[in-house]
Amino acid sequence: MSDVTIPPSDSLAVLEKQRSTAESFGIPLAVLLEITHRCPLQCPYCSNPVELDRSAKELTTEEWKKVLSELAEIGVLQVHFSGGEPTARKDLVELVKHASDVGLYTNLITSAVLLTREKLSDLADAGLCHVQISFQGIEEGLADRVGGYKGGHRKKLEVAKWTRELDLPLTVNAVMHRQNLHQLPDMIQMSLDLDADRLEVANVQYYGWALKNRAALMPTVAQLDECTEIVEEARERLKGRLTIDYVVPDYYALRPKKCMGGWGRQFFNISPAGKVLPCHAAESITGLEFESVRSNHSIAWIWQNSEAFNRYRGTGWMKEPCKSCEFREIDFGGCRCQAFALTGDAANTDPACALSPLHETIFKQAEAEAEGETSRFIYRNFAGGTLESENGT
Amino acid sequence: MAGPRHISVSEASRPVLPRHAKLKYDETRKVWVILAPERVLAPDEIAVEVLQLCNGERNVGDVADQLAAKYAAPREAILADVIAMLQDLADKGFLTEIREKTS
């Protein structure tokens with residue numbers, strides 16, 4: 001995805017209640033396709049790995065089409081076209097058309113800055129079902145600075161308008177952090193003005209690029225409390241008009257999140273180069289080998305049998321305090337990528353959990369960073385990042 | 001043309017699923033689903049039957065008539081259930097309605 005994080009467990013909650021895919025590790029209902037890592041934006045919290053796939057490694061049009069057919073065949077119902085910026089691929093309309101032809105429900109997760117009205121209209125004709133546009137703020141000064149792309153905010157507003165004119169449902173994805181949380185009330189109003197159906201208030205999750213930028217992004221506890229109050233008030237006030245999904249930064253929680261609904265339980269994504277991954281940050285865990293759709297194995301085989309998916313499935317891999325914890329099947333020990341990034345071992349308890357021996361240290365560190373002076377970003381790019389200049393360019 | 005949103009379902013309304021909510025039989029899981037943005041809903045048998053009858057031509061009253069005849073059940077009770085189910089779907093943003101052109 002361009003610069004967002006989807007909580008897949010939320011998306012599936014409704015059907016999960018009816019029939020648990022988790023118990024049998026049935027094929028996920030929705031799959032995230034990161035079709036390219038190329039993106040004109042340089043958001044400092046990008047959810048892509050720090051080691052980006054270059055375009056020469058990307059799957060070809062024919063390979064993606066084969067993937068789409070296979071996904072439909074094994075029972076996937078929805079695909080999210082994401083990236084990087086998915087519209088950076090010239091074959092996106094063709095891929096959306098193919099996905100629709102094989103019966104998949106298609107979402108576009110986009111930064112919107114490369115779209116023309118004609119291209120969006122072609123995508124709608126190809127069967128696109130839903131558009132999600134990321135916003136970095138509510139006015140171009142801050143928004144364009146966060147995205148590292150001049151004129152981006154204005155373009156996003158324009159594309160959001162076209163989206164509704166073309167009768168496509170619109171989700172506004174607002175990625176929130178210390179430097180833009182004060183704009184949240186206006187962000188909610190902006191979503192209403194844009195006639196959006198959904199607003200995702202997604203607090204940054206701190207892996208990969210965002211972890212590099214944690215000191216510039218981490219909100220204060222007070223900011224986060226206020227954010228939660230604003231969301232709760234707006235949800236009540238706007239019931240039936242605007243659905244608001246809310247993702248909190250787990251550093252300030254006592255219990256870790258059930259990341260990805262549990263490793264290998266209800267979600268996978270496919271990277272630009274065709275790797276089948278248990279989560280979009282999974283490649284940050286060194287020592288795990290991920291199978292590719294270019295291998296001799298089917299996607300269903302990789303999901304069921306590959307070593308990477310089975311390594312942290314269920315509870316057998318757990319160490320203490322997870323192993324004997326009464327919540328072990330509620331949150332599955334939190335996020336494996338975060339555990340790896342912060343403790344060096346993905347099998348450790350996610351330090352977001354209050355029961356982790358590292359929780360207090362990390363919480364204090366984050367709190368200190370949130371009160372600190374650092375505001376310059378390290379922008380995301382193929383060169384491993386570029387520090388924002390003193391005057392903010 | 002975009003159908004109206006935030007509708008209030010009554011006996012006279014002619015509801016339909018909007019283009020972003022697709023009713024589909026999931027062959028793999030042997031269950032009906034409604035595919036919507038970031039959501040997969042699992043409607044029960046009656047909801048599926050009601051939605052299949054909501055073709056944009058029938059109004060809610062017609063749907064209740066059909067179901068009352070088919071199940072030999074009291075129409076008033078069926079009508080109330082149908083309206084409640086459709087309103088719930090509408091409140092979630094997954095229902096629109098056909099309206100006569102006013103201009």
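What covers the buried residues of helix H7 of chain A? In this predicted model, the cover includes strands S4 (130-135), S5 (170-176) and S6 (198-203), together with helix H10 (221-237), of chain A.

**Chain A overall**
- Chain A contains 15 helices and eleven strands.
- A compact globule of 393 residues would have a radius of gyration near 21 Å, and the 20 Å of chain A agrees with this.
- The C-alpha trace of chain A spans about 55 × 50 × 45 Å along its principal axes.
- Of the 393 residues in chain A, 52% count as buried.
- Among contacts in chain A between residues at least 6 apart in sequence, 73% join residues at least 24 apart.

**Helix H7 of chain A**
- In H7(A), which comprises residues 184-193, the buried residues are Met187(A), Ile188(A), Met190(A) and Ser191(A).
- These residues lie on the same side of H7(A) because they cover an arc of only 160° around the axis.
- Gln189(A) and Asp193(A), on the other side of H7(A), are exposed.
- After H7(A) comes Asp195(A), which has a positive phi, near 65°.

**The contact between chains A and B**
- Chain A contributes 23 residues to the contact and chain B contributes 19 residues.
- On the side of chain A that touches chain B, helix H1 (8-18) and strand S3 (105-110) each supply at least two residues.
- H1(A) gives the most to this side, with five residues.
- By class, this side of chain A has nine nonpolar, nine polar and five charged residues.

Note on methods
Residues numbered from 1 in each chain as written. Chains lettered and ligands numbered in written order. Predicted model: local features only at pLDDT ≥ 70, side-chain atom pairs only at ≥ 80, totals over all residues. Buried ≥ 20, exposed ≤ 12 C-beta atoms within 10 Å, placed from the backbone. Helix = DSSP H or I, 4+ residues; strand = E, 2+ residues; numbered from the N terminus. Arc of directions from axis to C-beta. Contact = placed C-beta atoms within 7 Å. Nonpolar A, V, L, I, M, F, W, Y, C, P; charged D, E, K, R; others polar. Rg over C-alpha atoms; globule rule 2.2 N^0.38 Å.
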